[in-house]
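Q: Hi, could you walk me through this model? I'd like to talk about charges, pockets and the surface.

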Amino acid sequence: TQDFRDRWLYGVEARGAYELRNGLALLATTFYNREEFSNASPLVSTANTVGALLGAQFSVPEVLDLEFSAGYFKRSYAAHRGRLTGFTMRGALTWQPTRLMSVRAELLRQDEATQVLNALGKVRTTVSLGVDHTYRRGISLYARGKVFLDDYDLIDRSDTSYAAEAGMNVLLNRRMVLSLSYAYGSRNSEIFDESFRRHVAAISVLRRF
């Protein structure tokens, strides 16, 4: 049912940096997240997550920006339904090989809610890569890909999902943009009949006011 997709998400994060030298800094991050589901169900549970990460950031202005942090999180379910603990990490690389092209790669490992039977939460690892290129004035191209690795709490199940998209944006005039895109998605699951593949092609015209 779609009823249990109705939820409130709250989050607060504190982040500090200490610069060792020009372009190199140490990072420290603490965070608190809360998920509240509007409708009660045995499949979902309101939960609080706390965690902390330590890492570093390195940058070369207008060329490269790299940061990576790792730490620990604890997800506690409401009504004493247990907890999920584990390793969390965040990484991001932004590279600008030319003035017209940028490449961004990201890595994220964190806890999430799930509606899978007998699992109140999961740990999702996401790896993504995106490229943006300004072909010429008024025409921009992009391509993006993501891999999702899901490990479910309390049950022996893991899924792998893939998503990819490529497209082009054409500025017709100051207020009109023509967008062409193609997206592919798939999931490989250990559970029968839980895998899927999808293809989406889109043509849209956007008007700016």
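Here is a chat about the salt bridges, pockets and surface of this predicted model.

Q: Let's start with charges. How many salt bridges does a search of the whole structure find?
A: The search gives 13 salt bridges.

Q: Which residue forms a salt bridge with R15?
A: That partner is E67, and the closest N and O atoms of the pair are 3.2 Å apart. R15 lies in strand 1 (residues 7–21) and E67 in strand 4 (residues 64–77), so the pair ties together parts that are 52 residues apart in sequence.

Q: Is E67 buried or exposed?
A: E67 counts as buried, at 18% relative accessibility. The cut-off for buried is under 20% relative accessible area. R15, in turn, counts as partly exposed, at 45% relative accessibility.

Q: What about R75, which residue does it form a salt bridge with?
A: R75 forms one with D111, and here the closest N and O atoms are 2.6 Å apart. This pair also links distant parts of the chain: R75 sits in strand 4 and D111 in strand 6 (residues 101–113), 36 residues apart.

Q: And how accessible are R75 and D111?
A: R75 is buried, with a relative accessible area of 1%. D111 is buried as well, with a value of 10%.

Q: Got it. Where does K122 lie, and what is its salt-bridge partner?
A: The partner of K122 is D150, with the closest N and O atoms 3.5 Å apart. K122 lies in strand 7 (residues 121–136) and D150 in strand 8 (residues 139–152), so this pair ties together parts that are 28 residues apart in sequence. Both K122 and D150 are buried.

Q: Switching to pockets: how much space lies in the largest pocket?
A: About 620 Å³. The largest pocket is lined by 27 residues, and the closest to its centre are R5, A113, T114, K122 and R124.

Q: What does the lining of the largest pocket look like by residue class?
A: The lining divides into ten nonpolar, five polar and twelve charged residues.

Q: And how much space lies in the second largest pocket?
A: About 250 Å³. Its lining has 16 residues, of which F31, N33, T49, Q110 and D111 lie nearest its centre. Two or more lining residues come from each of strand 1, strand 2, strand 3, strand 5 and strand 6.

Q: Last topic, the surface. Which residues form the nonpolar patch?
A: F58, V60, V63, L66, L93 and W95 form the patch, with about 460 Å² of accessible area together. Strand 3 (47–60) and strand 5 (83–98) each supply at least two of its residues.

Q: Where is V60 found, and how accessible is it?
A: V60 is found in strand 3. V60 is partly exposed, with a relative accessible area of 33%.

Conventions. Residues are numbered from 1 along each chain as its sequence is written. This is a predicted model: local features need pLDDT of at least 70, side-chain atom pairs count only at pLDDT 80 or more; totals for chains, interfaces and linings use all residues. Side-chain values use heavy atoms; hydrogens and water are left out. Patches are made of residues with over 30% relative accessible area and no salt bridge: like charges are joined within 9 Å, nonpolar side chains (Val, Leu, Ile, Met, Phe, Trp, Tyr) within 5 Å. Accessible areas come from the Shrake-Rupley method with a 1.4 Å probe; for residues, only the protein chains shown count as cover. A salt bridge is a side-chain nitrogen of Lys or Arg within 4 Å of a carboxyl oxygen of Asp or Glu. Helices (H or I, at least four residues) and strands (E, at least two) are DSSP runs, numbered from the N terminus. Buried means under 20% relative accessible area, exposed over 50%, partly exposed in between (1.4 Å probe, protein chains only). On a 1 Å grid over the protein atoms alone, a cavity is a set of points where a 1.4 Å probe fits but cannot get out, and a pocket is an open set with protein on both sides within 12 Å along at least five of seven lines; lining residues have an atom within 4 Å of a point. Grid points are joined across faces, edges and corners, and a volume is the space filled by probe spheres set on the points. Ala, Val, Leu, Ile, Met, Phe, Trp, Tyr, Cys and Pro count as nonpolar, Asp, Glu, Lys and Arg as charged, and the others, Gly among them, as polar.
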